[in-house]
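Have the model open and follow along.

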Amino acid sequence: MTVPVSQSLAPQTWVLQPDDLPPAPGAGDRRRLHGVTAADLVVTVGSGVAALAVAWLLCYALLPWGTPLAFAVVSFVFYLVIVTVTTSAVSPGPAVADRVAAAVITGGAGLVALGLGSAVVFVFVRAWPALWHWNMYTQDMAGVGPRDALSSGGLLHAVVGTVIQVGIAVVVTVPLALGAAVYMTEVGGRFARVVRTVVEAMTALPSIVAGLFVYTTLLLALGMSKSGFAAAMALSVMMLPIIARAADVVLRVVPSGLREASLALGASRWRTVWHVVLPTARPGLATALILGVARGVGETSPVLLTSGASTFLVGTPFGQQMNSLPLFVFSTVRSGEPIFIQRGFAAAAVLLTLVLGLFALARYIARPRGNAKKNRKDRSRR
């Protein structure tokens with residue numbers, strides 16, 4: 001049959017069908033992205049047991065590395081090697097990378113948890129002989145010597161001094177920090193960038209520099225004596241950038257639609273900030289305050305230079321030296337007397353409990369609530 005020239009020269013259109021494609025390698029196998037299968041559990045547990053066995057053989061039988069630190073490091077290294085080999089034998093390449101990355105991240109988290117947990121346990125174990133004496137919380141150290149029994153004297157003067165100093169620091173710092181955060185977020189401008197740069201630089205300010213600044217200005221230049229107020233000013237210098245930086249981040253998260261709606265209804269910018277922005281960011285601002293207090297309550301260098309140390313209860317922050325928990329820990333632990341050192345560990349345990357409680361309160365305030373929590377659960381299920 002004769003084909004017309006126009007048809008023979010016409011371009012042919014080819015449609016690629018799915019059956020024409022070559023099968024992808026491993027196309028019938030689906031990799032689970034959520035949950036733990038029996039094979040995953042066997043690989044993880046088996047690799048861990050094998051790594052522990054090889055590490056024990058190297059550290060305690062063949063090589064002179066018989067220390068807990070060396071055993072932990074060698075076990076982790078061999079676990080990474082073994083879990084990589086075993087996973088590559090039963091799973092495709094992406095699963096191997098996922099398993100190794102999960103092992104590295106989990107190992108890092110475990111190392112951090114081990115360091116924090118060991119520090120907390122060590123402090124409470126050393127402080128236990130003194131913690132169960134009730135006089136530790138109801139008496140001060142007036143007339144008590146370094147070698148006196150734990151049944152006399154206590155931490156009352158240091159606890160009260162810490163509360164007074166931190167309270168004054170909060171009263172001074174919160175208006176300044178919130179004002180700086182509102183200025184950086186709501187006002188803006190060229191000078192706001194300068195303020196943000198200064199706040200970020202002060203976040204990394206060494207505590208000894210803050211103490212020296214207050215010591216030079218208040219004690220030397222103005223002639224003020226060492227007191228709880230001077231220590232509170234030094235703590236304010238440390239807390240100010242922490243609270244201002246955290247509050248700045250919180251205020252930036254407030255939806256801009258709320259500001260625009262308030263301005264559209266005729267409210268001024270100040271009323272918008274006071275009645276819309278700040279109430280919306282209240283939980284985040286409370287978290288910023290608690291984080292700043294947790295930072296300031298454990299500082300030793302500023303109070304060492306500005307507050308002095310007293311052995312009796314002081315109720316006024318002016319004109320008298322005032323002790324605090326960090327300063328009490330510093331002075332007792334370096335004394336060299338075993339009983340006095342136990343008192344210092346007791347003060348450290350109280351201070352550690354206070355700081356951990358503040359961080360737990362911050363996490364409780366910042367937790368998702370209502371619909372946000374429900375939406376997070378729905379996303380995790382999907």
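α3 (68-90) and α4 (93-131) each supply at least two residues of the lining of the second largest pocket, and α4 gives the largest share, 9 residues. Keep in mind that this is a predicted model, where local features need pLDDT of at least 70, side-chain atom pairs count only at pLDDT 80 or more, and totals for chains, interfaces and linings use all residues. Residues are numbered from 1 along each chain as its sequence is written, and side-chain values use heavy atoms, with hydrogens and water left out.

**The second largest pocket**

- This pocket holds about 430 Å³ of space, a volume being the space filled by probe spheres set on grid points joined across faces, edges and corners.
- A pocket here is an open set of points on a 1 Å grid over the protein atoms alone, with protein on both sides within 12 Å along at least five of seven lines, and lining residues have an atom within 4 Å of a point.
- There are 16 lining residues, and the closest to the pocket's centre are F76, T106, G107, G108 and L111.
- Sorted by class, the lining has 10 nonpolar, 5 polar and 1 charged residues (Ala, Val, Leu, Ile, Met, Phe, Trp, Tyr, Cys and Pro count as nonpolar, Asp, Glu, Lys and Arg as charged, and the others, Gly among them, as polar).
- The helices named here are DSSP runs (H or I, at least four residues), numbered from the N terminus.

**The cavity**

- The count comes to 1 cavity of 30 Å³ or more, where a cavity is a set of grid points at which a 1.4 Å probe fits but cannot get out.
- The largest cavity has about 40 Å³ of space.
- T162, Q165, V166, L235, G296, V297, E299, V303, S324 and P326 line this cavity.
- α5 gives the most to the cavity lining, with 3 residues, and α5 and α11 each supply at least two.
- That lining splits into 5 nonpolar, 4 polar and 1 charged residues.

**How α5 meets α11**

- The axes of α5 (residues 156-187) and α11 (residues 282-297) come within 10 Å and cross at roughly 135 degrees (axes are lines fitted to C-alpha atoms over the stretch in contact, and angles run from 0 to 180 degrees between N-to-C directions).
- α5 and α11 are therefore oblique to each other, since under 35 degrees is roughly parallel, over 145 roughly antiparallel, 65 to 115 roughly perpendicular and the rest oblique.
- Touching residues (heavy atoms within 4.5 Å) are T162, V166, V170, V174 and L178 of α5 and L285, L289, V293 and V297 of α11.
- Those contact residues divide into 8 nonpolar, 1 polar and no charged.
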